[in-house]
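Please look at the structure below with its strands and aromatic side chains in mind.

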Amino acid sequence: MRFFDNNFKSVFPAVLVFAFLFSPVQSLAGPDPCLEVSPDTIEFYRPLYPQTYNLDTQFVFVNNCGDGDLEWTGTPDQSWIGFSPTAGGNFDSVAVWIVVSGLPDFFTPPPAGDTIMLEGLLTFTASGAMHSPRPVIIRLSLVYDPPGDCQIIVNPHWIEHDLAPGDVITDSIVIVEADSQEVAISFSNQTNWLTMPVFFTAPLTPASIPYTINTAGLSPGIYYDTIFVNGWLNDTVSCGSFAIPVLLHVDSVGGEYNVETVPPYLNIWLETGEQLFDSLHVYETAGRSVGFMFENSQAWLIVEPLCQMPPYNTPRTLILLFEAEGMIPGTYIDTVFIHPDPTYDTATFASVAVPVVLTVVDSSPQIIVTPDRFDFNMSEGDTLDTGLLVYEQNGDSVAFSAELTGQNTWLHLRSPDSSGGVMPDSVNFYVIATGLSPGVYSDTIVVFNPLDDLFPYFEIRIPVELIVDADSSAYVVQTSPTSYHLQLLPDQTYLDSIYVYEIFGRNVGFMFSLDATWIEVDPFFPMPPFTYTTPAGLIVRFSSDSLTVGIYIDTIFIVPYPNDGSLNFFPVAVPVQMIVTDDTSGNIVVAEPSHLEFVIHSDQTALDTLHIYEIHGRNIEFMHHHKSVWLAVNPLGMLPNLTPMTMPIAVNPDTIPIGHYVDTITIYPGWGPYYFPPITVPVDLIVVDGEYSRGDANADDDVNVGDAVYVINFIFKGGPPPEPIEAADANCDGKVNVGDAVYLLNFIFKSGPQPMTSCFQ
């Protein structure tokens, strides 16, 4: 990073000295006016090129912290600092911006990506006032991004269609910028049978530009055209040009047609008694309308429309209904055949077979908790942290809770508590043997269904036994991590490590064992007996070679070395769950916004939305849940939900008193074959008393300049907070910051909008 003034000389040490000499001091009210300026530093950021790049305006607040009348003037020491007004009185909001024409000329550009930092001073002076002058440091960071660094990409590079006379087809080209920048694009062509849209303002990347081909009036033959695409970052910087050839074959009526379906096959998973709607899109590859019929044989697959007599014409979307009612778990096979309609003698195509595989699974969740019991041998005063893994054997996300059956002082759950969690997840707990006399102590961890209507009730009990021994030779061995949960592609290898240690740092001999062939622990070949001593880091290799797509489960056991009887410990189980998927990029589901905040009165209702999508544009099934009665999320758990989806959020605090409430919306995988890590969206609700005026920050029953000063003192000088804090949120953005002071000053002095009575009007 570099610091320059207009003459390219270092000014940073001088600025530091100047800032020290004129650093802000505590405001003191007196008989004379007092100059107060905040903030004392403003920072701007912009690219070095292009010079036409504009910046947002920032604000400095000047006010009188004493008595009498204040008359101030402002003076910049750099030509690139612009501000208005240049003089004022007791209370003023001063806009500050960067004058691009005043920036120095950089005759020797720095390396690409380097940052040049300019600093200047905007000094406020008030004759006869205390604390005058007051400097404000203006920092400008210029990042050198060489001009011309942009490139558009078009897809497809070639367009070819085979149509009959009179056919009309609409398709599109996609235009993006290589670095995901927004650049303007234009396009053109020459013929009237190919039409492109007309925009009054050039569209920006990324863009999907439609085009239409109409063969009306064209004789059979071959026709050519070219779509020219141009991109530019500004008037002088081009982002490249592309020519997309367009080839059109116009055939005589009839001939051979090519019909296909999307998807070409269906692989469906259902639970017993479940129903699922899906779709099958039938189309002719050249976009032509072709008559067809369909058939299948199995009763569990119903193809709709049912009430419309054939023939059906391409393109057409058929609705498929899968019903697993009365079916036992197993695999079922059917085929949907797409045949030419015999009434269309001239429109023939080869029949299309769409294989359908239906897998019916048991609707009862197969919940597994590992390990299934705990036995601890500890000395008085010892402590340890450990946990257990809870998951559903088929990879489903099932809600669960955990609690202790006994009341004790030595066993404590960390997460999740009785408020619940979503598997796969771990239940962490710690054991404290402090204050326990030698003896045997018992308790039970209960993992159960927290009244989840989607799954039958279950309850799994995990006994916990603690032996407190006065002998300090009791050993407790643990691992980090305590479990593995990973996702691999077919024929992929993943290396990780497992750290085995004794919690008091002692050296204990141990061995390990496991059953799966897809896990190998260092050394990667059998050599029994092979003994390790804590602490030790072992290399673990997970390999999906020769494995099919599915879920695989095993456990790595850390066991005592049998020839060292004096150094004994209870075996440690490290659960492993591996999902093998053919998804080449993984599924990443995102919720926007990632956090919801509401501040409302007890008699109000707040509305918002939550957008759920997969970043690659895939359709992924998901479920969601939350706990509080004051929060409603639609649709109300009806399955399946499919990305992308926008879900309405409603908050109604009618039944709860004034206070702060927290809930979490959990988005987790549905019953489809695609896994993604669960995500959480925290929800904060603050229910406030309606007896305050928004904008009245100092609670004097009036909205005036004193409220703006009150907010500024609270933000920049550690002044008292507004009571309630929501009263100072004048612009209703859910935050109390300098924007609220600007909002109030614009309302008071510039006839700006008044503070709203409710942020949800």
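Predicted model: local features only at pLDDT ≥ 70, side-chain atom pairs only at ≥ 80, totals over all residues.

Residues are numbered from 1 along each chain as its sequence is written, and side-chain values use heavy atoms, with hydrogens and water left out.

An open sheet of 4 strands runs in the order β46-β48-β52-β50, with antiparallel pairing. Strands here are DSSP runs (E, at least two residues), numbered from the N terminus, and two of them pair if DSSP finds at least two bridges between them. Because β46 (589-592) and β50 (631-633) each have a single partner strand, one side of each is left without a neighbour in the sheet. β50 is joined to β52 (residues 645-651) by 3 bridges, the two strands running antiparallel. Within this pairing, Leu631 stands opposite Val651 in β52.

The structure also holds 13 aromatic pairs. Rings of Phe, Tyr and Trp (its six-membered ring) pair if their centres lie within 6.5 Å; planes under 30 degrees apart count as stacked, over 60 as edge-to-face and the rest as tilted. Trp193 and Tyr223 have ring centres 6.4 Å apart and planes at 70°, so their pair is edge-to-face. Trp193 lies in the loop between β14 (184-188) and β15 (194-195) and Tyr223 in strand β17 (residues 221-232), so the pair ties together parts 30 residues apart in sequence. Trp193 is buried, at 6% relative accessible area, whereas Tyr223 is partly exposed at 21%; buried means under 20%, exposed over 50% and partly exposed in between (1.4 Å probe, protein chains only).
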